Amino acid sequence: GGILAILQVNDIYMGFSGEILFKDINFSVDEKDKIGIIGVNGAGKTTLIKCILNILNYKKGTIEVDQKDIKSIDSNERAKLLSYVPQEHTPLFNHLLLDVILMGAAGRLNFYESPKKSDIERANMIARYLGIEKLISKGYGEISGGERQLTLIGRALMQDSKFLLMDEPHSNLDYGNRIMVMNILENLKKDGYTILISSHNPQDAFLYADEVIILNEGKVKVQGPPNDVLTSELLSSIYKQNIELIDIKEKNIKICI
């Protein structure tokens, strides 16, 4: 990890109508790391990501991105610091891929402004980087789920922030598309991006994360390198099933069974 934390979450407390979702949530994310937030469905992963994006108003504590309290900055500055990649979805509108990617520049444009030539060039460059340049004039509704997910990553890259948050990015994707998206994320990490990914599947942590944060019953259970902190006892207690870990020495990875 880097010297400075790009994300610092301090004592976050979140509850709705008397029910505590989580409290005393503390963790930090270093620059240029790939972090997996792992937990069962309903563990609060999406809520936590929405707190970091300042979409949900947490009750206590602070969340700092790049040493700035996210509640104290405006949406344009926040868009420069962190970008959100939602799950791919079937669209309401059949926008052209180029236009979907260009939406990432919206924070820099005034409402009535058309995208500049330099924005269009940048969107094309991002599409090339993601391997979807041949699809740039296709409709978003006409392409595969994996290609839609790459387009949403392209929209986030257009924002020009170096920190990507992704909520279950591949839960709707078939196996080949999953691998395609994860390979792109590996390239982004090499190019200096920090990536926070949530998943309900602990195997994802072993496959893709430098660090894992386990969210369980409203608390951070552990944070650290997956090979060090994820044990069969811990996973069995969280998922309420007997989970064994098989060590694959030559790949330095563990497989959950």
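Arg148 sits in helix H5. Helices here are DSSP runs of H or I with at least four residues, strands are DSSP runs of E with at least two, and both are numbered from the N terminus. The model is a predicted one: local features need pLDDT of at least 70, side-chain atom pairs count only at pLDDT 80 or more, and totals for chains, interfaces and linings use all residues. Residues are numbered from 1 along each chain as its sequence is written, and side-chain values use heavy atoms, with hydrogens and water left out.

## Around Arg148

Is Arg148 buried or exposed? Arg148 is buried, because its relative accessible area is 10%. Buried means under 20% relative accessible area, exposed means over 50%, and partly exposed lies in between (1.4 Å probe, protein chains only). Arg148 touches Glu88, His89, Thr90, Pro91, Tyr140, Gly141 and Ile143, leaving aside residues up to four places away in sequence. A contact of this kind means heavy atoms within 4.5 Å. The side chain of Arg148 also reaches the backbone oxygen of Ile143 at 3.3 Å. That is a polar contact: a pair of N or O atoms within 3.5 Å, where within protein one must be able to donate a hydrogen and the other to accept it, and residues adjacent in sequence count only if both atoms are side-chain atoms.

Gln159 belongs to the loop between helix H5 (145-158) and strand E7 (163-167). Gln159 counts as buried because its relative accessibility is 18%. Its side chain reaches the backbone oxygen of Ala79 at 2.8 Å.

Four strands make an open sheet, ordered E2-E1-E4-E5, with antiparallel pairing. Two strands pair if DSSP finds at least two bridges between them. At the edges are strand E2 (19-30) and strand E5 (68-69), each pairing on one side only. Helix H1 (residues 45-52) packs on the sheet and touches E1, E2 and E4. The direction of H1 makes about 65° with that of E2. Axes are lines fitted to C-alpha atoms, for helices over the stretch in contact, and angles run from 0 to 180 degrees between N-to-C directions.

Strand E1 (residues 5-16) and strand E4 (residues 60-65) pair over five bridges, in the antiparallel sense. Leu7 has Val65 in E4 as its bridge partner.

How many of the eight residues of H1 are buried? Six are, so H1 is largely enclosed by the rest of the structure. The buried residues in H1 are Lys45, Thr47, Leu48, Ile49, Cys51 and Ile52. Just after H1, Asn54 takes a positive phi of about 65°.

The loop between E4 and E5 holds Asp66 and Gln67. Asp66 has a positive phi of about 55°, although it is not a glycine. Gln67 is another non-glycine residue with positive phi, near 65°. Asp66 counts as partly exposed because its relative accessibility is 33%. Gln67 is partly exposed, with a relative accessible area of 46%.

Strand E11 (residues 245-248) pairs with strand E12 (residues 253-256) over four bridges, again in the antiparallel sense. Leu245 stands opposite Cys256 in E12. This hairpin has four residues between its strands, and Asn252 takes a positive phi near 50° there.

## Salt bridges

The whole structure contains seven salt bridges. A salt bridge is a side-chain nitrogen of Lys or Arg within 4 Å of a carboxyl oxygen of Asp or Glu.

| Pair | N to O distance |
|---|---|
| Lys45 and Glu168 | 3.8 Å |
| Arg122 and Asp160 | 3.1 Å |
| Asp210 and Lys189 | 3.2 Å |

Asp160 counts as partly exposed, at 48% relative accessibility.

Asp210 lies in the loop between helix H7 (202-208) and strand E9 (211-216), and Lys189 in helix H6, so this pair ties together parts 21 residues apart in sequence. Asp210 is partly exposed, with a relative accessible area of 30%.
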